[in-house]
Amino acid sequence: MSNTSTHSNYQPSHHILSVLVQNRAGVLARVSGLFARRGYNIFSLAVAPAEDPALSRITIVVDVDSAPLEQIVKQLFKLIDVVKISELDPRRSVERELMMATIRVAAEDRGQVVELTNIFEGKILAVGVEAITVSLEGSPDKLDDFEELLRGYGIVELQRTGRVALPKLDKEARVRTHKNGKAS
Amino acid sequence: MTEQLTGAQALIRALELENVDTIFGLPGGCILPAYDPLLDSSIRHILVRHEQGAGHMAEGFAHVTGRPGVVLVTSGPAATNMVTPLCDAFMDSIPMICITGQVPTSAIGTDAFQECDTVGITRSVTKHNELIMSADDIPLVVRQAFHIATTGRPGPVLIDVPKDVLQNKMTWHWPTDEEVLASLPGYKPTTKGHPRMIKEAARLILDAKQPVLYVGGGILKARAAEVLIELAELIGTPVVTTLMARGAFPDNHPLCLGMPGMHGNATAITAMQKSDLLINLGARFDDRITGKVSTFAPGAKIIHVDIDPAEQGKVRRPDVPIVGDCRLVIEELVKTIREMLASGDTQADISDWKSRVSGWQEQFPLYYPPNEPGEALKPQFCLEKLRDLAPAGTILCSGVGQHQMWSSQYWHFNEPYTWVNSGGLGTMGFSIPAAIGAKVGCPDRTVWAVDGDGCFQMTAQELVTASVERIPIKVAVLNNSYLGMVRQWQEMFYEERYSEVYLSPELPDFVKWAEAMGCVGIRVESPEEVEPAIALANSINDRSVVIEFRVDAGEKVFPMVPAGYGNDDVLLHPNQNDRREFLR
């Protein structure tokens, strides 16, 4: 599904930080606290164990200029539990997000929602008498488009995971990894 | 052989193995188990009257010894009372270990008696903190805490220990250095400067025509005072020492210009403004130094040496950033410059610059009006007398406000680690407990605390601690019966509308209060009494002494760069205003 949408929440200038942390209690509070203290709004955040179970990967999407971002990356590095930070260039990374939505729809109109879901290559998760729950995994802008179209039917509940991202493999993967200059 | 200990025994043993000889603390419910094995330990415990006092004592101790100060307190209110000293230590990069009790693990989250979210509350005022959930973890967490607090950019580390963790049995194991490092995969401070950057810095230094060494507290943390003198003399460059770096370069050295910043002297301020190269060694372009950042040292290139990468470019973007330990970087810098000079390079002629700087020094010495007969004492006069009569090696501590600025201005700090103050956080009441901690760290030295009447009333109760624990310090209270610095701002920037700054001329009675706390109390009201009182105080070494100087409430600290203004707009003492054009 190609993206032509200009969804109001979508800022092409966003920054993605992929932060590898020790998988311990309180780490997320330390990381999010740093953003809160400087008044930066976290646009989305996803946390889960990484390839090494002792570590977790936090994917943070933040809308700030590069200059204050540089400062916050350095401050993040100062957290003892932060092991590695990569700043992913959105043009050089693959981003994915999962969305689930329950839509109120009468039985006679259900077919339209099913058709829409199929066009987007989503899944039907549950069907009720007057509602249907669907899911879609894909790039965040594809999810934005799907969400926009579903709104016409009446969304009862909607949950998105926030994006996760990894660097692209094809061309030169431009990952800016801050490996050195760690801590203090 | 596996040795079984209680968590409390393991904690105290771990502290002993970290070479802790003194703990500042106050027991309470949840930390009680740790106080029992303390009875059998070689560690000296100093029982404070308020936990905040313990924190500042630990800071004073760390300031003068370079070793982390250790605090042991209970949960809840004791932990919240530690927030101020933790933040103070965090701002001024003071190594400190704070151990707090916590309610038993089964009660955490139930709003139990004296429960608070200590790690949550202190997260943003510590370099690191940790809630220990198992007695087996105690030795490793203690070792990590000392490692983190004392390496890289030093700072406070808090360890929160639930009561049952202190009571539970554990199998003793003292982790090796390798185990400690392996347990901290995300903590690897950079200490050695990048050779290419050091070469670039050397190049800039040799080419500069108007260089200034801008020296901060990092010099003291890195134990770099000696090699700094070597560098300054090698390149013949004037040195300014920030409030945190007083003593890092000797005031009596011909290259020393003293303190820059909001209440710095006109020469130090102007030399930075006019410089073409600022060599920042362990300072952080604090707003009290730069004034309005956009007009700060507009023609200067910047070399910035700091062990904390986050300081690079935080306020002013450096031309040459060097992340590393000040001592190691300066050593390399000296070596590189020597090599360049030996291979035919030459340093630009800076003699014109230096004579310009000495011109400013001649025109703009610190000034205060002389004592007039029958009028109130000048506070600056008291400080000069304290300075001149101080025994060699005296350590000076101060609170926060006018008296702090006069202390920094009028004292001659000729050796490192003789100045203890609260620079970043500006904590009123810092002085007395910090002086007690400094005296514990350096018992053979005279320790003077200069305090204001406002500050004194915040933490004076720790003089009881000093008396009971036999830690004799000397306190000079400059009593102008005002919150003097606030009064100064209201006079200068709020049309003399004095709002809530007048304390009281007669209350409290400082002499009686001092006596009630086991100290000698002396009141000084006229200039003739100043020297005899100080001489008497200096001769008493078995008790603490408090001298109350009744001083002129109208005296203001000059020079002053008003908040929000640039350093070019420095307000000189009114007596020197007619010479202003010399600052061009």
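Where does Pro508(B) lie, and between which helices of chain B?

Analyst: Pro508(B) sits in the loop between α22 (484-493) and α23 (510-516) of chain B. Helices here are DSSP runs of H or I with at least four residues, strands are E runs of at least two, and both are numbered from the N terminus. Before going further, please note that this is a predicted model, in which local features need pLDDT of at least 70, side-chain atom pairs count only at pLDDT 80 or more, and totals for chains, interfaces and linings use all residues; side-chain values use heavy atoms, with hydrogens and water left out. Residues are numbered from 1 along each chain as its sequence is written, while chains are lettered from A and ligands numbered from 1 in the order in which they are written.

Most peptide bonds are trans, and most residues other than glycine have a negative phi. A cis bond also links Phe558(B) to Pro559(B), again with an omega of about -5°. Pro559(B) belongs to the segment after β20 (545-550) of chain B. Gln114(B), although not a glycine, has a positive phi of about 55°. You will find Gln114(B) in the loop between β5 (96-102) and α6 (118-122) of chain B.

An automatic or database domain assignment sets the bounds of each domain. For chain B it gives domain 1 (4-182), domain 2 (195-363) and domain 3 (379-550). The C-alpha centres of domain 1 and domain 2 of chain B are 37 Å apart. Ten residues of domain 1 and seven residues of domain 2 of chain B make the contact, where contact means heavy atoms within 4.5 Å. Together these two domains of chain B bury about 650 Å², 56% of it on carbon and sulfur atoms; buried area is the accessible area (1.4 Å probe) that two parts lose on being put together, summed over both.

Chain B also has some helix pairs to explore. Axes are lines fitted to C-alpha atoms, for helices over the stretch in contact, and angles run from 0 to 180 degrees between N-to-C directions. Helix α17 (residues 379-389) and helix α18 (residues 402-410) of chain B pack at about 45°, their axes 10 Å apart. That angle makes α17(B) oblique to α18(B); under 35 degrees counts as roughly parallel, over 145 as roughly antiparallel, 65 to 115 as roughly perpendicular and the rest as oblique. By class, the contact of α17(B) with α18(B) has four nonpolar, three polar and two charged residues. Ala, Val, Leu, Ile, Met, Phe, Trp, Tyr, Cys and Pro count as nonpolar, Asp, Glu, Lys and Arg as charged, and the others, Gly among them, as polar.

Next come α12 (residues 225-235) and α15 (residues 326-342) of chain B, which pack at about 30° with axes 9 Å apart. α12(B) and α15(B) are therefore roughly parallel, and their crossing is left-handed. Residues making this contact include Leu228(B), Leu231(B) and Ile235(B) of α12(B), and Ile330(B), Val334(B) and Leu341(B) of α15(B). The contact of α12(B) with α15(B) counts ten nonpolar, no polar and four charged residues.

Finally, α13 (residues 266-274) and α16 (residues 351-363) of chain B pack at about 150°, with axes 9 Å apart. That makes α13(B) roughly antiparallel to α16(B), and the two cross in a right-handed way. Thr267(B), Thr270(B), Ala271(B) and Lys274(B) of α13(B) meet residues of α16(B), among them Trp353(B) and Trp360(B).

Notes
Left-handed = near helix turned anticlockwise from the far one by under 90°.
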